[in-house]
Amino acid sequence: MIALCIELNVHRSVIHRLWNHYQRIKTPVEDVGLDAGESPQRQTIATCCNVPEDTNSATAGVAALLLQGRPISCQIVSHRLHEGGMFARRPVACMPLSPAQVRAPLHWAREHRSWTPEQWGHVLFTDESRFNIQNDSRRAIIWRKPGTRYREPNIVARDNYRGGGLLVLAAIATNGRTDLYVFAGGSVTADRHRDEILHPLVWPFIAAMGIDAIFMGDNARPHGARLLRSYLESETVPQMA
């Protein structure tokens, strides 16, 4: 195990995890038919790695061969993975949705797909966005020579607190929009949303739109608070689900 970690330059926990994964999937590595002119190790890697839809199985299969003591160079593994259509890429970051969360927008869209532009003209939409002063996505890539990692041109300064940011909110309708409101720091609670957004910005705009106006917020947690629902009901502001 230690020799393998040194050979691959990875922590032993990585090898241990891959070996456990291989034990669960039981990828066959022993009974492998060889094509003419192809080495046993290359054909075995092909069996374990030629599964572009499951890169974890491919990695586990290669790790299993290494744990069995078979000599496999990093170049052969890399080439075989590339031939199978697998390349090193950053994973996509996304918000996992439950089946109910997937169905709800579809149901809403079907209910409103026959609405006319005149009907949508009575709806006031609100939304907020946060703008970070400093980008901390860590997706920046630079080209440099080996051994120059800590040279000044290759270093990007990063603030541990992301350099701060601004949270802004506005409401839009077919015939206009509210002023852009910038929150002066702190958390946006239900009380702040009522006192700084709904009462001074949204309510006057709704009143000017007429009796057919409909208010639509987003699904931010403060927007669904009982305090805000009670306020909108007391001001007789119709809400869109």
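This is a predicted model: local features need pLDDT of at least 70, side-chain atom pairs count only at pLDDT 80 or more; totals for chains, interfaces and linings use all residues.
Colleague: How many helices and strands does the chain have?

Modeller: Helices (H or I, at least four residues) and strands (E, at least two) are DSSP runs, numbered from the N terminus. Here there are nine helices and five strands.

Colleague: Where does α8 bend?

Modeller: A bend is the angle between axes fitted to the seven residues ending at a residue and the seven starting there. In α8, the bend is about 50° at Leu 198, with Pro 200 following within four residues.

Colleague: Which residues of α8 are buried?

Modeller: Buried means under 20% relative accessible area, exposed over 50%, partly exposed in between (1.4 Å probe, protein chains only). Among the buried ones in α8 are Ala 190, Leu 198 and Met 209. Just after the helix, Gly 210 has a positive phi of about 110°.

Colleague: At roughly what angle do α8 and α9 cross?

Modeller: Axes are lines fitted to C-alpha atoms, for helices over the stretch in contact (heavy atoms within 4.5 Å). Angles run from 0 to 180 degrees between N-to-C directions. These two axes cross at roughly 25° and come within 10 Å. Angles under 35 degrees count as roughly parallel, over 145 as roughly antiparallel, 65 to 115 as roughly perpendicular and the rest as oblique. So α8 and α9 are roughly parallel to each other. Residues making this contact include Trp 203 of α8 and Tyr 231 of α9.

Conventions. Residues are numbered from 1 along each chain as its sequence is written. Side-chain values use heavy atoms; hydrogens and water are left out.
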